[in-house]
Amino acid sequence: MQERDKLLDKYAAKVFKNRKDHIVQLEQDGVPQEITANSRSVPGLMVNRGCCYAGCKGVVLGPLHDVVTITHGPIGCGFYSWGTRRNKAKAEDGRNFIQYCFSTDMQESDIVFGGEKKLKQAIEEAVELFHPACVMICSTCPIGLIGDDIQAVADWAKTTFDIQCVAFSCEGYRGVSQSAGHHIANNGLMKHIIGSGDAVPHYGKHTINILGEYNIGGDGWETSRVLKRIGYEVLNVFTGDGSYEGIKDSHIADLNLVMCHRSINYIAEMMKTKFGIDWLKVNFIGIEETIRSLREIAMYFDDPIITAKTEEVIADEYAAIAGDMGFYKEKLTGKTAGIFTGGSRTHHYQALLNDLGIKTVIGGYEFAHRDEYEGREVIPNIKLDADNKNIEEITVSKDEAKYRLIIDRERFEELKDKIELEEYKGMFRDMGAGTITVDDFNHYETEKVIEMFKPDIFYSGIKDKYVILKAGIPSRQLHSYDYSGPYSCFQGALNFARDSYMAIYAPAWGLISAPWKTTSTLMGKIGGEK
Ligand code: CFM
């Protein structure tokens, strides 16, 4: 029996029918197979996903440090989302509000009689106390159900206080996961903020934005440091350590780099249509991948000074870590790993594990779409269902005053064949035959893959971390880095190697006996049927 079949074996017929298309065992090295993704989870299965509000408020808007983001809803939603993502920011102008939790604390009577008044009051109070240039409103489930008009409140706030105010109807139920919230946040930022500034292009400076970099563990700072060393002007990191004031002028960039494709590909595409900015898929996790990305950026600009400096910085950064990396590589080569993350890191981290000689045997995502697995070419074939149709698709058009092309289109086409320009090839192309990929993985499947593959280390998130540890397998969180990091570029790769080495070689694992070694842990079928 193939491992994939073993994983599905305990499911009752109805659950089996659903889950079988979410689990793929690759038949050939790097050859994509179709997977089902971005669909509703099976009720009753313990999955790791978050809600639409989490994706909008927590993930994409969360790190914007000069914005007061008010959770319009019961306090539980606001409190739970407070500080759960490692948003790190430095604010030179002193406007750093990400340590605060702002909520309208909706009570039963507000739900019955409507919460718009309370929301207005909250905005007034926030403006008085904090003087933000921008307020954002994020709705949670009850708000959509009672029908508060948060867009009208935002318009009221704009004229009353002369500030920017953007409302996001990102109620938790609006999509099947946080992925819907990414999309809603992208739409709002694009409609109201990106390009609303009046900065003019910095000619000759090679100005770039890094999209889909959320500065977890300081990754965004480390990547910016390396890019600045080469001579690029890093305009905005979206949205890690980002700001409202900064992204207003993000339209003057010469090139957008895309790290996390899942959460921000909408903005990348819309900025291309509206302002002409090309985007390049990069990956600064992993030494080989960092080098590839830096060289591809240099190829795009085709400036001999930048090209030479790129090689110089690569050589220098690499030399600084080569000795220690050699030690870790020797210790880690031949180990195996499992990786489960949200929607982009499983692919990125496989590259870094490859650098260390660690083979990824099982991987998966919580909420990726088919393009993250199979590559962007499948996008036209993705069937929309009622859940996906729920999310507004906005169309933008060319901004005649701000639109500019950095390289001529002939060269663009030429480059497109060589580098990942407006392209994402997906994770399957970098995975080996026999490896298992699980979409929207649940706790049962996590335990089962651990039992079957017994990886030497399992990279995952907080919800499954302790299940993994109790099975006697070291775990490192790839969402928060367990308060370590940065893990990006060269120095970051070294930090990651050190943390992984320490986790695997900790003597504790030998003292734990996994439950399945002595008893049968599961009887019967999963799914409530006989
Ligand atoms: Fe993108 Fe992210 Fe991720 Fe994501 Fe996330 Fe995250 Fe993640 Mo946690 S934006 S898809 S919604 S890379 S919070 S910084 S680590 S699940 S793989």
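Modeller: Helix H21 (residues 489-505) lies across E13 and E14, and its direction is at about 125 degrees to that of E13. Residues are numbered from 1 along each chain as its sequence is written, and side-chain values use heavy atoms, with hydrogens and water left out. The model is predicted: local features need pLDDT of at least 70 and side-chain atom pairs count only at pLDDT 80 or more, while totals for chains, interfaces and linings use all residues. Helices (H or I, at least four residues) and strands (E, at least two) are DSSP runs numbered from the N terminus; contact means heavy atoms within 4.5 Å. Axes are lines fitted to C-alpha atoms, for helices over the stretch in contact, and angles run from 0 to 180 degrees between N-to-C directions.

E13 and E14 belong to an open sheet of six strands with mixed pairing, in the order E1-E12-E11-E10-E13-E14; two strands pair if DSSP finds at least two bridges between them. Its edges are strand E1 (23-25) and strand E14 (475-477), each of which pairs on one side only. From one strand to the next, the twist averages 15 degrees. Within this sheet, strand E10 (residues 336-341) runs parallel to strand E13 (residues 457-460), and three bridges join them. Alanine 337 faces isoleucine 457 of E13. Helix H15 (residues 345-355) packs on the sheet and touches E10, strand E11 (359-365) and E13, with its direction at about 155 degrees to that of E10.

An open sheet of four strands has parallel pairing and the order E7-E6-E8-E9. Strand E7 (233-239) and strand E9 (278-281) stand at its edges with a single partner strand each, so one side of each has no neighbour in the sheet. Here the twist averages 25 degrees from one strand to the next. Strand E6 (residues 207-213) and strand E8 (residues 255-258) run parallel and are joined by four bridges; leucine 211 has valine 258 in E8 as its bridge partner. Helix H10 (residues 219-230) packs on this sheet, touching E6, E7 and E8, and its direction makes about 155 degrees with that of E6.

Next come the spaces in the protein. On a 1 Å grid over the protein atoms alone, a cavity is a set of points where a 1.4 Å probe fits but cannot get out, and a pocket is an open set with protein on both sides within 12 Å along at least five of seven lines; lining residues have an atom within 4 Å of a point. Grid points are joined across faces, edges and corners, and a volume is the space filled by probe spheres set on the points.

The second largest pocket has a volume of about 650 Å³. Its lining consists of 26 residues, of which His183, Arg262, Tyr266, His369 and Glu393 are the closest to its centre. Helix H9 (178-192), helix H12 (261-275) and helix H17 (386-389) are the elements that give two or more residues to this lining, and H12 provides the largest share, six residues.

One cavity of 30 Å³ or more is present. The largest cavity, with a volume of about 30 Å³, is lined by His251, Ala253, Asp254, Phe275, Gly276, Ile277, Lys402, Arg404 and Ile406.
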